[in-house]
Amino acid sequence: MVADESIFNKEEKPKRKLTEAQLKGLAKGRAKVAEKRRIEKEKENNKEIVKTRLNQKKEYKIKNKTIRLQKEEEIEERLKKESIERIEAFTKLKYKYMDKAKTLEELREMKVVLDSINEEDLMDIKALSETILKKSKNLNKLSNNTINETREEKDCGYGGEE
């Protein structure tokens, strides 16, 4: 059995000793690998920096877009509100002037002019004034013809007071 134990108890061999040139070469190689690792880390960091900058740009664009959309919605709401207010004010004014009519014919003429005004005309002052002028000119022609006809009827003895 003694022979068996000697198999397991081997003497340890001394480690190999490297020469100075080999040690310098080894140090040089290790430095080279360390430099490569540092360069790769810098590249990864640069990639991450670029990614974060791109993400920041995207977030900035999204933020600006949402702000722009909110402003557009606010403007749209304001314009809708103004439109409703203008229509309500016009309706009140319309009935106020219709109440001031002295004759049924005057009321009808006013109603024709005021009913011809639509929402688009109310939003554009220039279009509104043009519509009113056109309609009132047509009504003036009609009312002048009506006045002339009633004068002729009076002359014929058909109507009115003499």
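Predicted model: local features only at pLDDT ≥ 70, side-chain atom pairs only at ≥ 80, totals over all residues.

**Salt bridges, helices and core**

Tutor: Let's start with Arg 78, which is partly exposed, with a relative accessible area of 43%. Partly exposed sits between buried, under 20% relative accessible area, and exposed, over 50% (1.4 Å probe, protein chains only). Residues are numbered from 1 along each chain as its sequence is written, and side-chain values use heavy atoms, with hydrogens and water left out.

Student: OK, what does Arg 78 meet in a salt bridge?

Tutor: Its side chain meets that of Glu 82, at 3.1 Å from N to O. A salt bridge here is a side-chain nitrogen of Lys or Arg within 4 Å of a carboxyl oxygen of Asp or Glu. Glu 82 is partly exposed, at 33% relative accessible area.

Student: How far apart are Arg 78 and Glu 82 in helix H2?

Tutor: They are 4 residues apart, so about one helical turn separates them. An α-helix has 3.6 residues a turn, so residues three or four places apart point the same way. Helices are DSSP runs (H or I, at least four residues), strands are E runs of at least two, and both are numbered from the N terminus.

Student: How many salt bridges does a search of the whole structure find?

Tutor: It finds 6. One of them links Glu 35 to Arg 38, with the closest N and O atoms 2.3 Å apart. Those two are 3 residues apart in helix H2, so again about one helical turn. Glu 35 is partly exposed at 34% relative accessible area, and Arg 38 is partly exposed at 38%.

Student: Which salt bridge partner does Asp 115 have?

Tutor: Lys 94; their side chains meet at 2.7 Å, N to O. Asp 115 lies in helix H3 and Lys 94 in helix H2, so the pair ties together parts that are 21 residues apart in sequence. Salt bridges that share partners also join Glu 35, Arg 38 and Glu 42 into one network.

Student: Back to Lys 94 and Asp 115: buried or exposed, or in between?

Tutor: Lys 94 is buried, with a relative accessible area of 14%, whereas Asp 115 is partly exposed at 38%. Their C-alpha atoms are separated by 9.0 Å. Leaving out residues up to four places away in sequence, Lys 94 touches Leu 114 and Asp 115; contact means heavy atoms within 4.5 Å.

Student: Switching topic, what's the overall fold made of?

Tutor: There are 5 helices and 0 strands, running α-α-α-α-α from the N terminus on. H2 has 80 residues and should span 118 Å at 1.5 Å a residue; its end C-alpha atoms are 117 Å apart, which agrees. The expected span is 1.5 Å times one less than the number of residues.

Student: Which residues of H2 are buried?

Tutor: Ser 83, Phe 90, Lys 94 and Met 98. The buried residues of H2 pack against helix H3 (104-115) and helix H4 (119-123).

Student: And what makes up the largest nonpolar core?

Tutor: Six residues in all: Phe 90, Met 98, Leu 114, Ile 117, Leu 122 and Leu 128. A nonpolar core is a set of buried Ala, Val, Leu, Ile, Met, Phe, Trp, Tyr and Cys residues joined through side-chain atoms within 4.5 Å. Not counting residues up to four places away in sequence, Leu 122 touches Arg 86, Ile 87, Phe 90, Ile 117 and Leu 128.

Student: How much of the protein is buried residues?

Tutor: Buried residues make up 9% of the 162 residues. The protein exposes about 15500 Å², and carbon and sulfur atoms supply 54% of that; the areas come from the Shrake-Rupley method with a 1.4 Å probe, and for residues only the protein chains shown count as cover.

Student: Which residues make the nonpolar surface patch?

Tutor: Leu 18, Leu 23 and Leu 26 make a patch of about 230 Å². Patches use residues with over 30% relative accessible area and no salt bridge, joining like charges within 9 Å and nonpolar side chains (Val, Leu, Ile, Met, Phe, Trp, Tyr) within 5 Å. Leu 18 sits in the loop between helix H1 (2-8) and helix H2 (20-99), and counts as partly exposed at 41% relative accessibility.
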